[in-house]
Amino acid sequence: MRAARLIKMVLLLQSRPSMTAAELASELEVSERTVTRDAQALSEAGVPVYADRGRIGGYRLIGGYRTRLTGLARGEAEALFLSGVPGALREMGLEDAASAARLKVSAALLPSLRDASRTAAQRFHLDAPNWFREPTTPELLPAVAEAVWDDRRITARYRRGEDLVERELEPYGLVLKAGVWYLCARVSGQGAFRVYRIDRFAAVGAGGERFERSADFDLPAFWGERAEEFARSLLRAEVVVRLSEEGVRRLPHVVDPRAAREALARAGVLEGAGAGEWVRVTLPVESEEVAHEQLSALGAEVEVLAPASLRERFAVGAARLAGLYGV
């Protein structure tokens with residue numbers, strides 16, 4: 001533990017002109033007294049750590065000293081590619097690896113480039129969770145992430161409906177979608193890949209034997225196909241509506257955009273075109289309840305023709321609004 005801390009201290013001093021004892025203590029998560037002892041130990045080991053005395057003093061390396069301990073380990077290099085997603089790194093248990101990787105890169109850069117990580121972080125930030133939803137980290141995510149990085153099989157118990165199902169899985173990849181973590185994996189001995197929500201895992205036994213990854217597996221392509229299939233699978237019902245020109249324009253903004261565009265194309269309405277007349281459209285929707293909520297946002301720019309039960313919902317709602325406003 002101390003050896004790792006000493007290495008980190010050298011890398012910190014190599015990446016900056018100087019650092020105070022308080023700054024080093026904060027970075028290393030130790031006391032200033034420990035920083036003093038560590039600096040002395042490095043000096044005795046031949047590392048030219050120099051201490052500037054006084055109120056604004058600190059520690060620095062002299063003589064152009066450069067450590068050779070700047071080679072990236074595989075795990076650190078892989079984590080570095082995710083360093084733009086700090087929250088995701090923290091949830092997967094990779095924050096320390098990414099921090100070490102960034103230090104090594106900073107130590108290897110020319111002095112004129114050492115502020116690159118800071119300037120980039122001030123210009124780009126990814127906030128993955130959805131609005132109005134408190135983000136939660138699945139307790140078992142770090143264990144699953146470790147197995148994914150190491151290509152090791154896991155034995156997982158997960159909730160499917162009211163039942164608990166146990167499977168031996170080959171974990172291929174993790175996806176963070178709108179604040180929810182998913183595992184893309186296949187059952188050992190089977191060829192089909194499936195998607196599992198991490199927060200539905202009740203137990204994970206990691207550290208099993210390694211599996212050989214399929215060279216043909218492409219995580220972004222697989223997720224894109226499954227996401228589209230999932231979105232389409234939700235659209236189990238249909239409604240028939242009449243839309244004004246403004247309703248045509250706004251429809252893709254209140255329902256599934258792809259479904260809206262395809263429905264308008266089938267109705268012969270070209271994207272961006274406005275004939276000035278109302279058009280009849282058959283639209284796939286998730287359910288009557290969801291359709292009512294979504295289409296209500298169009299106000300008087302839509303008229304529901306079928307099913308009759310949905311038309312009745314809108315009629316009742318319109319009557320209540322008329323009564324409320326004294327029309």
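Which residues does valine 144 touch, not counting residues up to four places away in sequence? In this predicted model, Val144 is in contact with Leu174, Leu183, Ile198, Phe201 and Val204.

**Nonpolar cores**

Val144 belongs to the largest nonpolar core, which has 20 residues. Among the residues with the most contacts inside this core are Val144, Leu169, Leu174, Leu183, Ile198 and Phe201. Two or more residues each come from helix H8 (141-150) and from strands S3 (154-160), S4 (163-177), S5 (180-187) and S7 (201-205). Helix H8 gives the largest share, five residues. Another core, of 19 residues, lies apart from this one and includes Val248, Leu251, Ala291 and Leu310. In soluble globular proteins, nonpolar side chains tend to be buried together.

**A three-stranded sheet**

Strands S9, S8 and S10 form an open sheet in the order S9-S8-S10, and their pairing is antiparallel. Strand S9 (279-285) and strand S10 (302-306) are the edge strands, each pairing on one side only. From one strand to the next, the twist averages 35 degrees. Strand S8 (residues 237-243) is joined to S10 by four bridges. Opposite valine 302 of S10 stands leucine 243.

**Helices across the sheet**

Helix H10 lies across S8 and S9, and helix H11 also lies across S8 and S9. Their angles are listed below.

| Helix | Residues | Angle |
|---|---|---|
| H10 | 245-254 | about 140 degrees to S8 |
| H11 | 257-266 | about 145 degrees to S9 |

Technical notes: Residues numbered from 1 in each chain as written. Predicted model: local features only at pLDDT ≥ 70, side-chain atom pairs only at ≥ 80, totals over all residues. Heavy atoms only, no water. Pairing = 2+ DSSP bridges. Axes fitted to C-alpha atoms, helices over the stretch in contact; angles between N-to-C directions. Contact = heavy atoms within 4.5 Å. Core = buried A, V, L, I, M, F, W, Y, C linked by side-chain atoms within 4.5 Å. Buried < 20%, exposed > 50% of the residue type's maximum accessible area, 1.4 Å probe, protein only.
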